[in-house]
Amino acid sequence: MVLVYADDKKLMLELLHKAHDLGKETQQKVIAVVFGNDASAHDLVQHGADLVVVMETSSPFKAEEYAHALEGIIKEHHVEIILIGSDKNGKELAGRLAATLHAGCVMDCTKLYLHEKKLTAERIVYSGNAIAVEQFTAGPMLVTVPSKLYEPLPKDEHHKGEVVKKTMGQAVSPSKILKVEKRKSEGVSVEDAEIIVSCGRGLKKDRRVLAADRC
Amino acid sequence: LRRRKKEEEHNMNIIVCAKQVVDVAEIKLDSSTKKPILAGVPKKISDMDKNALEEAIKIKEKHGGKITVVSVGAPDAKEQLKELLAMGADEAVLVPPPDQADYHVIAHLLAGAMKKIGSYDIILCGEASIDLFSGQTGPRVAGLLGIPQITYARTVLVEKDKLVSERDLGDKSVTIESPFPVLLTVTKEINQPRLPSLMQILAASSKPIHEWPATGVTGEALEPRIKTVDVKGIPSQRKNIIYQDDLDQSVQKLVDELAKTGVLR
């Protein structure tokens, strides 16, 4: 089985596309995991999930607890490949999960493919100066995938899948979330930009940067 | 005397994870293959690991205790560990990894060394290392030790039997309270690491750096789960188009080309 999880709905659909392709190549089914409620479960089926596991919970994200829940699903369904959305929560979740599963993990992959039947992931290293090609030698295999690497699959209303509800187990972590606050965004979101104009130090004066800003 | 003994019992045992890395700012690229040339590049302790140590020192200054630096790295990392001892760590443990090591192996060695140390209240790591920037070692170690983790910590406030920390998630912040033991990974915004004085540098030479063999900390041979099969260069692709017609025509062609590639709309 190929398992996908991302906090962000859009990223989840993007991961489902890749999971669907990998599932086809390795003849495995695709499981999507949702924490919270089942509102999006049907949509995930139409976007490629063969099974959607809904972990019913009202508590906010905590890596220890989410990792524990995912570990249960992974063992129950003999999951081999795990794709997790590469945001900050996703990455700390992946790291912890990799430890308890004794699994390999590649963070922020920029390319993911099978090479000689082995799952291979590329990622940028040495502050953008090189690309490391990492190959898994044993399962389970964990990869975190950033947004916009893949397009979501087009919706297929005929795609059939099962939706299973589960309740989150008792809290496994003694830590407590006291507060979740939205932070004021400063300027534009680079992630959502279609075009990014970057200027070098050669521009020197503020005025010229402002001019660049206006274009 | 009894009171002093009681105070000592409250002292914090702090462990800081540190990694010797190549200084990425000094990496040169092979001009034909664009591959990074790593041989001969100066090495240093990864930046955020120093932020982790700085935070540990601040906690120790307030609550007392002992700071042990744990590092998995080649024997020559001892030189860099001395700098951390000069900053304020009390002792260091260096575990040279086996030839084949991935994050799975390294996290087991770190966690194994911590179990051997035996007692820890707070474990501090950098959010990621500046060379590979994966950021999985901290969460892995917390997972192996089965303790709470707080990643991307921007502030830490330590009290007698718990701490409160604010996680920086970019668009939001999450404040978490945790009892001990707990593992934190810190961002570079959390503090400004101090520079050791000459006296501290001299005094650091008498602080111990223990070298523990890998087999002594895990008790089992560890098989990596991932193999790095290649480190490729990033080719910079330039189109090298030169417009040499008369000025007006060239400008027109350039604008057309830019519009076609989507730079101008």
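Start with one residue pair: in this predicted model, A:Ile131 sits opposite B:Lys232, a residue of strand S14 of chain B.

Now step back to the whole meeting place of the two chains. Chain A brings 49 residues to the contact and chain B brings 55 residues. Together they bury about 4400 Å², with carbon and sulfur atoms giving 53% of that area. On chain A's part, A:Lys88, A:Tyr126 and A:Arg183 stand out: they supply 17% of the area chain A buries against chain B, more than any other three residues.

What about polar links? Between the two chains there are 28 residue pairs in polar contact, both residues being at pLDDT 80 or more. The interface also has 4 salt bridges. One of them joins the side chains of A:Lys176 and B:Glu177, at 3.6 Å from N to O.

Which elements of chain A give two or more residues to the side that touches chain B? Here they are:

| Element of chain A | Residues |
|---|---|
| helix H3 | 63–76 |
| helix H4 | 88–101 |
| strand S5 | 104–106 |
| strand S7 | 118–125 |
| strand S8 | 130–136 |
| strand S11 | 176–182 |

Of these, H4(A) gives the most, with 9 residues. As for make-up, the side of chain A that touches chain B divides into 22 nonpolar, 12 polar and 15 charged residues.

How values were computed
Residues numbered from 1 in each chain as written. Chains lettered and ligands numbered in written order. Predicted model: local features only at pLDDT ≥ 70, side-chain atom pairs only at ≥ 80, totals over all residues. Heavy atoms only, no water. Contact = heavy atoms within 4.5 Å. Buried area = accessible area lost by both parts, 1.4 Å probe. Polar contact = N/O pair within 3.5 Å; in protein donor to acceptor, adjacent residues only side chain to side chain. Helix = DSSP H or I, 4+ residues; strand = E, 2+ residues; numbered from the N terminus. Nonpolar A, V, L, I, M, F, W, Y, C, P; charged D, E, K, R; others polar. Pairing = 2+ DSSP bridges.
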